[in-house]
Amino acid sequence: MAEDLILELNGITKIFPGVKALNSVHFQLRRGEVHALMGENGAGKSTFIKVITGVHAAEEGKMFLEGREVHFKGPKDAQEAGIAAVYQHPTSYPTLSVTENIFMGHEDIKNGMIQWRSMNTKAQALLDSLDADFKPTDEVGALTIAQQQMVEIAKALSTNAKIIILDEPTAALTTNESEKLYEIVEKLRDEGRSIIFISHRFEDMYRLASRVTVFRDSQYIGTYDVNEISNADLIKAMVGREITDMYPKEDITPGEEIFRVEGMTRTGYFKDVSFDVKAGEIIGLTGLVGAGRTETIESVCGITKPDAGRVFLEGRELSIKKPEDAMKAGIILLPEDRQKQGLILSWGLGRNVTLPIQEELANKWFNDEKKEWQVSKERLEEVDTKAVTIFQPASSLSGGNQQKVVVAKALAQSNMKVVIMDEPTKGIDVGAKKEIYEIMGDLAKKGYGIIMISSEMPEIIGMCDRIFVMCNGKISGCLSREEVNQERILELSMEKGSTTEGGAAS
Amino acid sequence: MAGKSGREISAVPENGLKSKILSWEGALVLILIAVNILGVSISPNYTANNVFREMPRYLAETFMLFGMGYILVLGDIDISVGALVCLSGTIAVLASNAGAPFILTVLICLLVGLLGGMLNGIIATKFTELPTMIVTLGTQIIFRGIAEVLFETWGNGGGTASMADTKGLMLLAKRIGPFPIAFFCVIIVGAVMITILAKTTFGRKIYAIGSNKTAAYYAGIEVERIRFICYSILGLLAGVCALFLLTATFGSNTTTGQGFEMEVIAMCVFGGIATTGGKGNLIGGFIAAFIIVCLRIALGQRNINTQLILVIIGLMLIVSVLVPSISSALAARKKKRSA
């Protein structure tokens, strides 16, 4: 072999029930390089990482570690082979100490006794090498996300990992913290370790990586030298298709203002947020994770209590104190986490759809089940849910179809005027995504006001008439459909200075 | 915008007589029949008339079964109600002895139960981060503690309080035909509570909260209000239980109501309600209550040690909880064999 490859994967295919999560993908990692792995949400990056770390077993394909073929039966095999992963939200034990977290699973044991003193000394040495500002005896739950990531990195070093995978490590970090992480990664690279770096942020890639591999729709697109590929080409490789195909956005002349939010403030989460929607208009609310988008919307809908702020519907001010108030007024939220917030997974589809309107359909205090069945059947068919019967549990559907049930639940509320969709296409496949966009387009045509919260720039750019960008709990700018592009959104999403206040992680 | 693919989704439920008979409730009816056959065969005194005559003192705690069912379906638990029965009964006895007319005594008994339930509800809904097991453990100790203070101060000594004027209670202990009044009351309260849970929008909300509290809240359900109402209902039923218990005991003491909460929870679980919330209905618990009442009467007539009944109830409880996992294990093995 001409190159010094430490890890090579060929033709990896991973199938989940109903979804091909990876379709014959390739990957090569050189010794001592930082290799970026990029692609849209749902492109298969996380699944791929889980194949490398032994969490998932691939249906097809081969994996070579330092030239030898390996088969991992579980995460422990991968760990012993020198592969370690650090995730965006560290999967540590918050109530245990830093030392306990670092040595979890490979404690120093002599005569059946845990050797605390030697472990603490070793942990201190690891933390020193990372230039960490906390002690081995600190409780992990009391540390910041950035510090917890350092604990995870220290854990990787304690197992003497040769390959370290960082899965979106900067998504929840401030600019300063990110810079510190970059330095650590460079140090690890200079020590001869190989690093796989997953990120949505181009700046991470340009700063650190020498090569980048792109996945799209579960497929391998290509591997490029970072210095040789232009930003535009890279985006095209990631997005792949003409954006206009994917997003069926018609030119609708928006009507009058239907909904307006003024000066929404919740201390520690967001500050003085204002935006408005016209009838037939789709507006986007975007920004980095932790910018305060979901928190703002939750306060608008009465789920959390804001400290200040006014909400107007069709010119009249509303008093929204609880979710019911927003729904009665016709402001319908499709929550971000459909499995926890949007659906009762153990219930049938029909019951889920009619839950918010059961009292409307009821005969005095009694549920009118026949009417409920009829309404839910119509709504579920309207959004083309792939289901056999309205009685099958919501847990039996794929993510995309679960999202359609959430949409059907919103449509069943006949007083709907404004619909707020929080990450409506998160984690669902391309086909279902397009169907969700079509429903959004139809709703706009019918004159509803639509608010979409999303981190996916392509869908924000493709679907929205106006885009409000949030940064650290504040609206940092509003872009029209004509002037918007990825760079301008990124620019507004990122803070000019390097300090952070106000914004909290979601 | 009709479905573009023209795909149809069925809205016809699959339910037949077969599934009804094969259900857990069907099995419980069979057990009830078996217990009665056992009763008749081991005791010559096990006649309908005798069973109904002995029923009231066992029936009292059955009232609480229905309220506890709501709490368990919510995914909560309330272990304070046994002590609340003691407190309600004690205050009622003391009020009567202090000269309150019977009607007022009844109202006081129910009111104390209701207030106790409301106290549980307020704490559980204002401090949602507290586990309800701990909240109601606290109020359990408080309720019994207050009752003990009352025994000390105004009781008949030795931790007891007996009712001097029992005319009113005798009236409640009367029978209409062969049926005791308590029996009618249990049937009426049971029918109302079962119907509310199974057929009304309020009942549907209880299931929604027990299945996924967050999704219920996002769907506009006033989660904490519903929980408060359920705790209040259970408290009121603890008052009803205390009242009917008095018709058999004519007084109360420090052990009154002890263990009732656990027996009531056991009946609910035996009847098919999951303590994790969102699953089961009260019909099973209702039948289970009568199984236990009949078993108690039958074994009591044979002078079989009353403690043995606890062993039997415990065994039945464990078996009933095991049934679903045993049957699914059998189904899995069958599937494996045929594959």
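Among contacts in chain A between residues at least 6 apart in sequence, 70% connect residues at least 24 apart, a contact being a pair of residues whose C-beta atoms, placed from the backbone, lie within 7 Å. The model is predicted, and local features need pLDDT of at least 70, side-chain atom pairs count only at pLDDT 80 or more, and totals for chains, interfaces and linings use all residues. Residues are numbered from 1 along each chain as its sequence is written, while chains are lettered from A and ligands numbered from 1 in the order in which they are written.

Chain A contains 19 helices and 22 strands; helices (H or I, at least four residues) and strands (E, at least two) are DSSP runs numbered from the N terminus. The C-alpha trace of chain A spans about 70 × 50 × 45 Å along its principal axes. Of the 506 residues, 50% count as buried; a residue is buried if 20 or more other C-beta atoms lie within 10 Å of its own, exposed if 12 or fewer, and partly exposed in between.

An open sheet of six strands in chain A has the order 18-19-20-15-21-22 and mixed pairing, where two strands pair if DSSP finds at least two bridges between them. Strand 18 (331-334) and strand 22 (474-480) of chain A stand at the edges with a single partner strand each, so one side of each lacks a neighbour in the sheet. Neighbouring strands of this sheet are turned by 20° against each other on average, direction ignored. Strand 21 (residues 466-471) and strand 22 of chain A run antiparallel and are joined by six bridges; A:Arg466 has A:Ser480 in strand 22 as its bridge partner. Helix 19 (residues 486-493) of chain A packs on the sheet, touching strand 15 (282-287), strand 21 and strand 22, and its direction makes about 35° with that of strand 21. Axes are lines fitted to C-alpha atoms, for helices over the stretch in contact, and angles run from 0 to 180 degrees between N-to-C directions.

Positive phi values occur at two non-glycine residues in loops of chain A. A:Glu66, with phi of about 50°, is located between strand 4 (60-65) and strand 5 (68-69) and is partly exposed, with 14 other C-beta atoms within 10 Å. A:Asp217, with phi near 50°, lies in the loop between strand 11 (211-216) and strand 12 (219-225); it counts as partly exposed, with 17 C-beta neighbours inside 10 Å.

In chain B, the axes of helix 9 (residues 181-199) and helix 14 (residues 282-301) come within 9 Å and cross at roughly 155°. The two helices are therefore roughly antiparallel, the class for angles over 145 degrees, with those under 35 roughly parallel, 65 to 115 roughly perpendicular and the rest oblique. B:Gly190, B:Met193, B:Ile194 and B:Leu197 in helix 9 meet B:Leu282, B:Ile283 and B:Phe286 in helix 14.

Between the chains, 36 residues of chain A are in contact with 27 residues of chain B. Helix 15 of chain A gives the most to the side of chain A that touches chain B, with six residues.

Notes: Two residues are in contact if their C-beta atoms, placed from the backbone, lie within 7 Å.
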